Amino acid sequence: MSISNSHFNSSRFVLTGFPGLEVHYPWLCIPFSSIYALVFLGNCMVLHVIRTESSLHQPMFYFLAMLALTDLCMGFSTVYTVLGILLGLIQEISLDSCIAQSYFIHGLSFTESSVLLAMAFDRYLAICYPLRYSSILTNDKIVKIGVAMLCRSSLLIPPVIIRLKFLNYCRPHILSHSFCLHQDLIRMACSDICFNNVYGLALVISNLLLDAVLILISYIRILHTVLAIASREERFKTLQTCVSHICAVLVFYIPIIGLTMVHRFGKHLSPLVHVLMGNTYILFPPMMNPIIYSIKTQQIRRRLQRLFCLKRAYV
């Protein structure tokens, strides 16, 4: 009770690490540091390979570079608070920092969703309209798509995020995660949060849900086109070009659905479950995407093999 009272009407919020595992934080720091290292090194390597390999200067890989950059930024947006708690460097976060972090987390999630939709559009054009592919997805079009994705993700969120600054937080200032989320902050507010609820739901529907539906439609069209191919070998070869993207879509959407279900229906669950789901949502896609594309994309795999062989030769 004393902890709760000390955080009423204060401008600082308590970050939740891993309840019940506080004595093991030095050990937990090792796997989490390794995960962040994988996020940073993996995505930087993908960006480096795409930049230096001229054969990868194609629409599909430009979109992959956007995905890697988004994942890299997601890692940077949470590393301070997640590792800070485990290392004992921080326990609290100011309201302004919390609002800024929630803006970047939600904005980057919407950006990743947009990039995955653009990649689905790329696969749709490449398979369904191969002769017109290069004339439709020109470098100029790709730049415009990139700018549109950035504007969509960064300009639609401020109204709901800025309003967080003006809410009255009279409930205990204890966050559910080791980072800040919009839904976590409004849970502690005593002001009218109707706008945040309605606008937030509209954002989710118009971004995440709409993107998921459009990705599904694009793959229905792709499957229809592939099944019309006479050769079984050609059908398999064509579908192989989509495997990496399908894995990336699943890696992104499954943790989001899981976290939403936990927030909505898991109030009786242990706080540790909430924390684990939150960290999975934040860290799993940025960690897995470089691994997926390095294994499943032949061009990147070959370039990485050449890169490591060259380094070994110098050693």
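Y36, F40 and F76 form one aromatic cluster. Rings of Phe, Tyr and Trp (its six-membered ring) pair if their centres lie within 6.5 Å; planes under 30 degrees apart count as stacked, over 60 as edge-to-face and the rest as tilted.

A word on the source. This is a predicted model, where local features need pLDDT of at least 70, side-chain atom pairs count only at pLDDT 80 or more, and totals for chains, interfaces and linings use all residues. Residues are numbered from 1 along each chain as its sequence is written, and side-chain values use heavy atoms, with hydrogens and water left out.

Now the pairs. The count comes to 8 aromatic pairs. One of them is F13 with Y169, edge-to-face, 5.5 Å centre to centre and 90° between the planes.

Are these two buried or exposed? Buried means under 20% relative accessible area, exposed over 50%, partly exposed in between (1.4 Å probe, protein chains only). F13 is buried, at 0%. Y169 is buried too, at 5%.

Next, F40 and F76. Their ring centres are 4.7 Å apart and their planes at 25°, so this pair is stacked. F40 sits in helix 2 and F76 in helix 3 (residues 59-86), 36 residues apart. Helices (H or I, at least four residues) and strands (E, at least two) are DSSP runs, numbered from the N terminus. F40 is buried, at 18%. F76 is exposed, at 55%.

Last, helix 2 again. Helix 2 (residues 25-52) passes helix 11 (residues 271-296) in a left-handed crossing. Left-handed means that the near helix is turned anticlockwise from the far one by less than a right angle; clockwise is right-handed.

Conventions
Axes are lines fitted to C-alpha atoms, for helices over the stretch in contact, and angles run from 0 to 180 degrees between N-to-C directions.
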